[in-house]
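The following questions and answers go through one protein chain. Each answer works towards the value or name asked for.

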Amino acid sequence: AENQVGAPDQDITGQNLVARWNHTWSDGSSLQVQSFYDHTTRGTPGSGRFDLDMYDLDFQHTFDLGSWNKIVWGGGIRINDYDIHGTASLYFAPSSRTLNLANGFLQDSISLSPDLTAILGFKLEDDPYSGVTPLPSARLSWKLNDDMLLWGAVSRAIRSPTPFDEDIVERLGTAVALNGDRDFQSATLTAYELGMRQEIDSQISFSISAYYNDYDKLRSIEVTSGPATLNLTWGNNLHGYNYGFEAWADYQPYDWWHLSASLNELCEHFNFTPDATLMALGVSQLGDDPHTSATFRSSMNFGRGVEWEADFRYVGTLPDPHVASYIELNSSVGWQKTDRVRISLSG
């Protein structure tokens, strides 16, 4: 059970079982088969309960095709059997479902030359809400020399509907305030990336990558006609794009001391489609993300099992709703006294 200050107690139980088989042949090809079962129950007394049984089976086969193709293919199926015990004011209709998600994929890593490699991937996903969806990807990497690598990629992804999108019902008294949308569609993403990694010497390396993400059919809140109090439902009337870059650097001045730093910059541009009916809430319903974030880490190993780590983090201003920027410093000292005993102090 969890007891959180200012919130009702939560009862959480569960168990799981995993089985995995791996085999490697003399030619270097390999096969992995994995299956697992997981049961989770989570509930708040007087506020509903959620029961989920998950069954999963997947496999992956890797082999070389000639001297310049490395193939990875496989697939899997996952069954989610759930039952949601809601309340009179918030519930799901239907309250239980059995959802089957299947997928198959193929990836070919092609050595076009000693310095140029292309990776082509294709995945078919059969989702219980969105049906069969193709998810392609392509990546090209170019090793300019022993110390520098350039790469670029383009890929497509979706966010499939969930029971929360289609089955949720919220009431205010006897009136329905929010209904799920049985025609809710998958949100789509086309992602473009460019990157570079450079090793200056054995002690210093850095990398930088830029990205551009194009989104369509993002979830929005809409107003429908009818006698209900609010007449709210979900829709797919937000779209737009974001772009930015991520940079990392590593420096190891001594064998016992390692430094690393990162910087992230994000710009977002989202708008409503002409069909949107509730634009007053603004695009902030998508989320609230900082434009800038950065980290700096230091790790020292003094020998005899003694280590000291420090992590400095900066998070920029959140735009809407506004939250001021902040910084934090976490540090810990640890002593591995024996193989079985470790003592640490953190703050």
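Q: How many residues lie between E16 and E17 in the hairpin that they form?
A: This is a predicted model. Strand E16 covers residues 292-303 and pairs antiparallel with its neighbour E15, while strand E17 covers residues 306-315. E16 and E17 form a hairpin, and the number of residues between them is two.

Q: How many bridges join E16 to E17?
A: The two strands run antiparallel. One of the facing pairs puts arginine 297 opposite aspartate 311 in E17. The number of bridges joining E16 to E17 is ten.

Q: Is arginine 304 buried or exposed?
A: Arginine 304 sits in the loop between E16 and E17. Its phi is positive, about 55°, although the residue is not a glycine. Exposed requires a relative accessible area over 50%. Because its relative accessibility is 82%, arginine 304 counts as exposed.

Q: Which residue in E16 is the bridge partner of leucine 263?
A: Strand E15 spans residues 257-272. E15 and E16 run antiparallel and are joined by nine bridges. In E16, the partner of leucine 263 is alanine 294.

Q: What is the volume of the largest pocket?
A: Rolling a probe the size of a water molecule over the atoms shows where empty space is left. The largest pocket is lined by 20 residues. Its volume is about 400 Å³.

Q: Which strands each supply at least two residues of the lining of the largest pocket?
A: The residues nearest the centre of the pocket are Glu268, Phe270, Leu286, Gly287 and Asp289. By class, the lining has ten nonpolar, five polar and five charged residues. The strands that each supply at least two lining residues are E9 (148-159), E12 (187-199), E13 (204-223) and E15 (257-272).

Q: What is the relative accessible area of lysine 217?
A: Lysine 217 is placed in strand E13. Its phi is positive at about 60°, although lysine 217 is not a glycine. Buried means under 20% and exposed over 50%, with partly exposed in between. Lysine 217 is partly exposed because its relative accessible area is 32%.

Q: Is asparagine 213 buried or exposed?
A: Asparagine 213 also belongs to strand E13. Leaving out residues up to four places away in sequence, asparagine 213 touches Leu189, Thr190, Ala191, Tyr192, Gly240, Tyr241 and Asn242. At 13% relative accessibility, asparagine 213 counts as buried.

Q: How far apart in space are leucine 232 and asparagine 179, C-alpha to C-alpha?
A: Leucine 232 lies in strand E14 (residues 232-254) and is partly exposed, with a relative accessible area of 22%. Its contacts beyond four places in sequence include Ala177, Leu178, Asn179 and Leu278. Leucine 232 and asparagine 179 are 53 residues apart in sequence, while their distance in space is 6.4 Å.

Q: Which residues does aspartate 288 contact, leaving aside its neighbours within four places in sequence?
A: Aspartate 288 is in the loop between E15 and E16 and is partly exposed, with a relative accessible area of 21%. The C-alpha atoms of aspartate 288 and aspartate 320 are 6.0 Å apart, with 32 residues of separation in sequence. Leaving aside those neighbours, aspartate 288 is in contact with Leu318, Pro319, Asp320 and Pro321.

Q: What is omega for the cis peptide bond that joins alanine 93 and proline 94?
A: Proline 94 is found in the loop between strand E5 (90-92) and strand E6 (96-113). Another cis peptide bond runs from aspartate 320 to proline 321, with omega near 0°, and proline 321 lies in the loop between E17 and strand E18 (326-336). For the bond joining alanine 93 and proline 94, omega is about 5°.

Q: What percentage of the residues in the chain is buried?
A: The accessible surface of the chain comes to about 21,200 Å², with 57% belonging to carbon and sulfur atoms. Buried means under 20% relative accessible area. Of the 347 residues in the chain, the buried share is 29%.

Methods:
Residues numbered from 1 in each chain as written. Predicted model: local features only at pLDDT ≥ 70, side-chain atom pairs only at ≥ 80, totals over all residues. Heavy atoms only, no water. 1 Å grid on protein atoms, 1.4 Å probe; cavity = no way out; pocket = protein on both sides within 12 Å on 5 of 7 lines; lining within 4 Å. Points joined across faces, edges and corners; volume = space filled by probe spheres on them. Helix = DSSP H or I, 4+ residues; strand = E, 2+ residues; numbered from the N terminus. Nonpolar A, V, L, I, M, F, W, Y, C, P; charged D, E, K, R; others polar. Pairing = 2+ DSSP bridges. Buried < 20%, exposed > 50% of the residue type's maximum accessible area, 1.4 Å probe, protein only. Areas by Shrake-Rupley, 256 points an atom, 1.4 Å probe, with all protein chains shown as cover. Contact = heavy atoms within 4.5 Å.
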